[in-house]
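This report describes a structure for a reader who has not seen it before. Please look at the sequence and the structure first, then read on.

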Amino acid sequence: MTTIVLYGEIPMSGEVVSRSMMKSELIELMARKQNHLAYKDVELAVKSLLEQMSEALATGDRIEIRGFGSFSLHFRPPRAGRNPKTGDAVSLPGKYVPHFKPGKELRERVNETLKNT
Amino acid sequence: MALTKADMAERLFDELGLNKREAKELVELFFEEVREALEDTYNVKLSGFGNFTLRDKTQRPGRNPKTGQEIPICARRVVTFRPGQKLKQRVEAYAGSQQ
C-alpha cells in the first residue's frame, strides 16, 4: 500500500494505529488487482456490497462471512436519560445497534501482527 | 435469514451485469483486502457503513470456566467495529418499525 492517511483525530484508548484505509483506497487496490474490470465497475460493486450489508442489517437480517466475521443486531433496552441542556428526565426507547464479531481467520491474522512488533 | 457471500455475488450479477465468476471474485477480494489492511495495521474506514479499528488488549487474569483454574489471558490485538451514523440510523429505524 502506498498511500498512508494520517488522521488528525485523537486515537481512542487502546487504539493501535492512527493510519487508515478509506473506501476510495480500497476501491483503488481492488481495481488494480482486477484490471480486466473498469474502475467504475469496481466502485459500483463496492458501493453495492456496502449497501447490501446495510440493507440486511436495516431489515433485521444477519450477515455471515466465513473467515471474516458476522454482523448482527444487539438490542439496547429502554432507559431513563436526561436532556443535557435542560436537565429534564426523558425516557429513551429501546433500540437495535449493529454488532460485529470477527471470524477465526481474521482474529488470528490480526493477532499474529502483535507478535511481529 | 443471513446475507452470505453467495447472495452478494448474485446481486452484483443482477445489478451490474458482471458475469458470475467476476462477481464471486470481487466479493472475495473485497473481504480479503479489508483483512489485509487490518493485518498491515491499517484501520479501515468505510464511510456510510462503519470503521474497523485495531485495539491492543493487555494481559489480564482469567479462569477456565469448567475447572475454575486460574490462567492468564495473554495480551491480544483485536478488531472492533464502530457502525457509522448512517448505518446506526437505518438500524434504529428498523427497531422503530418493530414496536
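## A loop residue in chain B

T41(B) sits in the loop between α2 and β2 of chain B. Helices (H or I, at least four residues) and strands (E, at least two) are DSSP runs, numbered from the N terminus. The phi of T41(B) is near 55 degrees, a positive value in a residue other than glycine. T41(B) counts as buried because its relative accessibility is 16%, where buried means under 20% relative accessible area, exposed over 50%, and partly exposed in between (1.4 Å probe, protein chains only).

## Basis of the model

This is a predicted model, in which local features need pLDDT of at least 70 and side-chain atom pairs count only at pLDDT 80 or more, while totals for chains, interfaces and linings use all residues. Residues are numbered from 1 along each chain as its sequence is written, chains are lettered from A and ligands numbered from 1 in the order in which they are written, and side-chain values use heavy atoms, with hydrogens and water left out.

## Chain A in outline

Chain A contains three helices and seven strands. Read from the N terminus, its elements follow the order β-β-α-α-β-β-β-β-β-α. Of the 117 residues in chain A, 40% are buried. The accessible surface of this chain is about 7,000 Å², and 53% of that belongs to carbon and sulfur atoms; such areas come from the Shrake-Rupley method with a 1.4 Å probe, and for residues only the protein chains shown count as cover.

Among contacts in chain A with a separation of 6 or more, 26% are between residues 24 or more positions apart. Contact means heavy atoms within 4.5 Å. P77(A) lies in the loop between β4 and β5 (79-82) of chain A, and it counts as exposed because its relative accessibility is 53%. The C-alpha atoms of P77(A) and Y96(A) are separated by 8.7 Å, with the two residues 19 apart along the chain.

## Strand pairing

An open sheet of four strands, with mixed pairing, has the order β7(A)-β4(A)-β3(A)-β1(B). Its edge strands are β7 (95-102) of chain A and β1 of chain B, each of which pairs on one side only. Two strands pair if DSSP finds at least two bridges between them. Strand β4 (residues 69-76) of chain A runs antiparallel to β7(A), and eight bridges join them. Within this pair, F71(A) stands opposite F100(A) in β7(A).

In chain B, strand β2 (residues 43-46) and strand β3 (residues 50-57) pair in the antiparallel sense over three bridges, with V44(B) opposite F52(B) in β3(B). The hairpin of β2(B) and β3(B) has three residues between the strands, and G48(B) takes a positive phi near 90 degrees there. β3(B) is also joined by eight bridges to strand β6 (residues 76-83) of chain B, and these run antiparallel. V78(B) in β6(B) is the bridge partner of R55(B).

## Helix α1 of chain B

What length should helix α1 (residues 5-16) of chain B span at 1.5 Å a residue? The expected span is 1.5 Å times one less than the number of residues, so the twelve residues should span 16 Å, which agrees with the 16 Å between the end C-alpha atoms.

M8(B), A9(B) and L12(B) are buried in α1(B). They cover an arc of only 100 degrees around the axis, which puts them on the same side of α1(B); the arc is that of the directions from the helix axis to the C-beta atoms. The buried residues of α1(B) pack against α2 (39-58) and β3 (62-65) of chain A, together with β1 (2-3) and α2 of chain B. The face turned away from the buried side carries the exposed residues A6(B) and D14(B). G17(B), with a positive phi near 70 degrees, follows α1(B).

## The nonpolar core

A nonpolar core is a set of buried Ala, Val, Leu, Ile, Met, Phe, Trp, Tyr and Cys residues joined through side-chain atoms within 4.5 Å. In the largest one, which has 49 residues, F71(A), F30(B) and F52(B) touch the most other members. Helix α2 (residues 20-39) of chain B gives the largest share of this core, nine residues. Leaving aside neighbours within four places in sequence, F71(A) has contacts that include M53(A), L57(A), F100(A), F49(B) and F52(B).

F31(B) is in helix α2 of chain B and is buried, with a relative accessible area of 2%. Not counting residues up to four places away in sequence, F31(B) touches M53(A), I65(A), F68(A), K5(B) and M8(B). The C-alpha atoms of F31(B) and K5(B), 26 residues apart along the chain, are separated by 9.6 Å.
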